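Q: I have a model open and want to learn how to read its features. Where do we begin?

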Amino acid sequence: MITTMFLQSLSMRKANGFLFFYFLAFSLHVSARPATFLQDFRVTWADSHIRKIDGGRSIQLVLDQYSGCGFASKAKYLFGRVSMRIKLIPGDSAGTVTAFYMNSDTDAVRDELDFEFLGNRTGQPYTVQTNVFAHGKGDREQRVNLWFDPAADYHLYTIFWNHQHIVFYVDDVPIRVYKNNEAKGIPFPKLQPMGVYSTLWEADDWATRGGLEKINWSNAPFYAYYKDFDIEGCPVPGPATCASNRGNWWEGATYQALNALEARKYRWVRMNHMIYDYCADKSRYPTTPPECVAGI
């Protein structure tokens, strides 16, 4: 009996050891959450306006009359999930833009996935604008008024990207879906790796009410806060087979489409909080863009 139990225990330890090395090997192909900001990111603009907090586990971005600021991931990624918790500028934030996005940095043929948080006057809702660039073609803006105060606390903003679709999430609520309709001749970002970027900057020529509301610099400096930087995707340069590996968790059957609960939340956002959709803008697009007809 004791011998049998010993052999069973040894067998379990071997199995567990195998699983440990299997997951270790898998993790080498997929980037995971960094311990601090500096592990996966670098400052790209105005180092003096980005302040590290709590040993680099969170950061503060500063905008004043002299400069905004920005940061970017050290690597680029192809498919996966990227998220950050952000606390936006409180009070009168009109004319400011806090952006979190992915970009291939390939000029005219760039792919890009945008969150842009458009500041507003005190008491007015924050608007989040999303946009999708595929093979150099953008102008696919949608705008949603957030249903909470994003300056009162941190909220989770996520870009999810696999071969089937791109989904923008606010906390666990999908606010934008862009499907892969390549079979219908519509471009979809899938060949170019993208870096992860964020900026805080002045854009009062367009950000708030089309540029009618200007920044009140007497309220400067303006602050936005970030933490919980999470990147799970295929780093480039990296293993050549990672992006095409259908075994990656984000390519699983569960993630091929919104589940029933997500679909209900998505419809709720579009019915109650969407304030602009390029698909319905006949002044810009007398002929409905093909991806809108195919289903976004």
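A: Start with one side chain. This is a predicted model. Arginine 284 has a relative accessible area of 34%, so this residue counts as partly exposed.

Q: What does arginine 284 form a salt bridge with?
A: The partner is aspartate 139, and the closest N and O atoms are 3.9 Å apart. The cut-off for a salt bridge is 4 Å.

Q: How many residues apart in sequence are the parts that this pair ties together?
A: They are 145 residues apart. Arginine 284 sits in the loop between E14 and H4. Aspartate 139 sits in the loop between E7 and strand E8 (142-145).

Q: Is aspartate 139 buried, exposed or partly exposed?
A: Aspartate 139 counts as partly exposed, at 39% relative accessibility.

Q: How many salt bridges does the structure hold?
A: There are 13 salt bridges. One of them joins the side chains of aspartate 92 and arginine 121, at 2.9 Å from N to O. That pair links distant parts of the chain, 29 residues apart. Aspartate 92 is in the loop between E4 and strand E5 (96-103). Arginine 121 is in the loop between strand E6 (112-118) and strand E7 (127-133).

Q: What about arginine 209 and glutamate 213?
A: Their side chains meet in a salt bridge, 2.8 Å from N to O. Arginine 209 counts as exposed, at 55% relative accessibility. Glutamate 213 is buried, with a relative accessible area of 17%.

Q: Which residues are linked in a network of salt bridges?
A: Asp92, Arg121, Arg209 and Glu213 are linked in such a network.

Q: How should I read a record's annotation against the model?
A: Find the position, then check its surroundings. The UniProt annotation "glycosylation site", from an unreviewed entry, covers Asn120. Such annotations may be inferred rather than shown by experiment. In the model, asparagine 120 lies in the loop between E6 and E7.

Q: Is asparagine 120 buried or exposed?
A: Asparagine 120 counts as buried, at 16% relative accessibility.

Q: Which residues is asparagine 120 in contact with, leaving aside neighbours within four places in sequence?
A: The contacts are Gly91, Asp92, Ser93, Ala94, Pro125 and Thr208. Asp92 also belongs to the salt-bridge network.

Q: Now disulfides. What is the general idea?
A: A disulfide is a covalent bond between the sulfur atoms of two cysteines. In this model the count comes to 2 disulfides.

Q: Which cysteine is joined to cysteine 234?
A: Cysteine 234 is joined to cysteine 242, at 2.0 Å from S to S. The link is left-handed, with -75° about the S-S bond. Both cysteine 234 and cysteine 242 are buried.

Q: And how far apart are the sulfur atoms of cysteine 279 and cysteine 292?
A: These sulfur atoms are 1.9 Å apart, and the two cysteines form a disulfide. Cysteine 279 lies in the loop between strand E14 (274-277) and helix H4 (290-294), while cysteine 292 lies in helix H4, so the pair ties together parts that are 13 residues apart in sequence. The link of cysteine 279 and cysteine 292 is left-handed, with -75° about the S-S bond. Both cysteine 279 and cysteine 292 are buried.

Q: What pattern do the disulfides follow along the chain?
A: Counting bonded cysteines along the chain, the pattern is 1-2, 3-4.

Q: How do I read strand pairing?
A: Pick a strand and list its partners. Take strand E4 (residues 69-87). Strand E1 (residues 41-45) runs antiparallel to E4, with 4 bridges joining the two. Arginine 42 stands opposite alanine 72 in E4.

Q: What is the bridge partner of alanine 72 in E12?
A: The partner is tyrosine 197. E4 and strand E12 (residues 194-202) pair in the antiparallel sense over 6 bridges.

Q: How many bridges pair E4 with E13, and how many pair E4 with E9?
A: E4 pairs with strand E13 (residues 222-236) over 10 bridges, in the antiparallel sense. Tyrosine 77 stands opposite proline 235 there. E4 also pairs antiparallel with strand E9 (residues 155-161), over 7 bridges. In E9, histidine 155 is the bridge partner of isoleucine 86.

Key. Residues numbered from 1 in each chain as written. Predicted model: local features only at pLDDT ≥ 70, side-chain atom pairs only at ≥ 80, totals over all residues. Heavy atoms only, no water. Disulfide = S-S within 2.5 Å. Buried < 20%, exposed > 50% of the residue type's maximum accessible area, 1.4 Å probe, protein only. Pairing = 2+ DSSP bridges. Contact = heavy atoms within 4.5 Å.
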